[in-house]
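Please open the structure in a viewer and keep the selection tool at hand.

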Amino acid sequence: MTYQWPARIQRKALITGITGQDGSYLAELLLGKGYDVWGMVRRSSTINTSRIDHLYQDPHDEDVRLRLIFGDLNDASSINKILKVVRPDEIYNLGAQSHVKVSFDVPEYTSEVTALGAVRILEAMRELGLERTRFYQASSSELFGKAQEVPQRETTPFYPRSPYAAAKAYAFHITRTYRESYGMFAVNGILFNHEGPRRGETFVTRKITRAVAAIAAGRQERLFLGNLDARRDWGFAGDYVEAMWRMLQTEVPVDFVIATGETHTVREFCGLAFARAGITLAWRGKKTAEQGIAVSSSGQGTVEQGGTIASGGDGSLEQGIGVSSAAAGIAKQGTTVHSAAADIAEQGADPSGRVLVEVDPRYFRPCEVELLLGDPTKAKEKLGWQPRVGFRELVEMMVDADVAAAGAGKQP
Ligand code: NAP
Ligand code: G4F
């Protein structure tokens, strides 16, 4: 199913949301493949290009392959102008107000950017006659919301549970509508949660790994979290941008689920992250009174709780046994973890006996998505895609990066 591009002039890609987590990894990938990359950035009062600074080229240099151009998904005229100038071969629409909890605070704004942004681009493509341009829409596993099936696959009905998810549902359907109405190459990648050291600081994974680094360095007392029971199918963003690119290289435009096929609780992520820093957490109490307590700080961490749900390609569900969970594996085998983070914990204040994690209901959502677990079988078969980084490696990569930043005196 993979399309062989004819050898021809330089391919051009336009990325909206290039300053975000995924935009930065995708820009790296495309530059590495020889593309000319254009990134749409919105004006801000402080410079917000830190994730792509390492890719930046002075526009006065020769052979510039990354160019940034001002625009906004809320402004159709800016999108029109950009498409007229760039006439890209591929458009990756990654720009969004992407925070689910925040979408309850700014629902109308979220809809403008996250829902209508997509149709502004599609309509501009149509008006400009960009018939050969291929369009990728960053759809989300949040569409499955109150999951009607486990695991979730391309055919699972949607049940959005937030203004963000409702906006993404519009963008999903308008992308499909333009494909079917006008024969455009426009596809949705329904991506499950993907993380990494560049993840925004207020998403739960990064919030945890930054706090672990700060606590291990003796600079923070405690971490406050919301729903510890929520389960997510977490993968590595670097792997997921590869899937986006592959989706635009197929002969026929089709939508895909991109996931790892494993799900873990927030509590489990937290335990493994502290373990990486040499701090063993035990959990006591229930609901809002639940606490994570340091039972040892030796530089060699073990995790007390684990458990995973893994989706088989056949849709089977193995529940709560913990056989394939990294965290559970550590818990069972008492495997030791040693890392730079552990060394810092050894040198810093010994947190043993201290309450390190507490629940704060302010982080609860008016409507929660309790369980996300994707079935990536179709992507494996048709795109030849599969994730390379597993859950435990992901947690360790993120903790190590934040610890290194803390050690270098940077705000992680
Ligand atoms: P992110 O880090 O929050 O990045 C969002 C990007 O959108 C940023 O570059 C942001 O610019 C830009 N943006 C926001 N409002 C804009 C506007 N009005 N006009 C133009 N650009 C705007 O998100 P991400 O994690 O990289 O995710 C990329 C996309 O995938 C998003 O659409 C997200 O909803 C979707 N998605 C993400 C995941 C995930 O787990 N990461 C899973 C499924 C789907 P600033 O830097 O100026 O804020
Ligand atoms: O990290 P989160 O904020 O990500 P969420 O809501 O799953 O959304 C992310 O993934 C989606 C794909 O499924 C993307 F479409 C979306 O753009 C975004 O990238 O929260 C994950 C879970 C939730 O159940 C939340 O209730 O963690 C729970 N959680 C518990 N304590 C917390 C916290 N989430 C945050 N942000 N902060 C907490 O303190």
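Predicted model: local features only at pLDDT ≥ 70, side-chain atom pairs only at ≥ 80, totals over all residues.

Seven of them form an open sheet with parallel pairing, in the order 3-2-1-4-5-6-11. Which strands stand at the edges? They are strand 3 (66–70) and strand 11 (256–258); each has a single partner strand, so one side of each is left without a neighbour in the sheet. On average, and with direction ignored, neighbouring strands of this sheet are turned by 20 degrees against each other.

Next, select residues 12–16 and residues 36–41, which are strand 1 and strand 2. These two strands run parallel and are joined by five bridges. To find a bridge by residue, pick Thr 16, whose partner in strand 2 is Met 40.

**Second stop: ligand 1**

Select ligand 1 and the residues around it. The ligand is surrounded by 26 residues, and the closest are Thr 19, Asp 22, Asn 48, Ser 98 and Tyr 164. Centre the view on Thr 19: an N or O atom in its side chain is 2.6 Å from an oxygen atom of ligand 1. At Asp 22, look instead at the backbone, where an N or O atom lies 2.8 Å from an oxygen atom of the ligand.

How much of ligand 1 does the protein bury? Taken alone, the ligand exposes 900 Å², and the protein buries 90% of that. Helix 1 (21–32), helix 4 (107–127), strand 5 (134–140) and helix 5 (163–182) are the elements that give two or more residues to the shell. Strand 5 gives the most, with three residues.

Finally, select ligand 2. Around it are 23 residues, of which Ser 140, Ser 141, Tyr 164, Arg 365 and Glu 368 are the closest. Show the side chains of Glu 368 and Lys 207: a polar atom of the Glu 368 side chain lies 2.6 Å from an oxygen atom of ligand 2, and one of the Lys 207 side chain lies 2.7 Å from an oxygen atom of the ligand. At Val 204, a backbone N or O atom lies 2.8 Å from a ligand 2 oxygen. On its own, ligand 2 has 720 Å² of accessible area, and the protein covers 95% of this. The shell around ligand 2 divides into nine nonpolar, eight polar and six charged residues.

Terms used
Residues numbered from 1 in each chain as written. Chains lettered and ligands numbered in written order. Heavy atoms only, no water. Near = heavy atom within 4 Å. Polar contact = N/O pair within 3.5 Å; in protein donor to acceptor, adjacent residues only side chain to side chain. Areas by Shrake-Rupley, 256 points an atom, 1.4 Å probe, with all protein chains shown as cover. Helix = DSSP H or I, 4+ residues; strand = E, 2+ residues; numbered from the N terminus. Pairing = 2+ DSSP bridges. Axes fitted to C-alpha atoms, helices over the stretch in contact; angles between N-to-C directions. Nonpolar A, V, L, I, M, F, W, Y, C, P; charged D, E, K, R; others polar.
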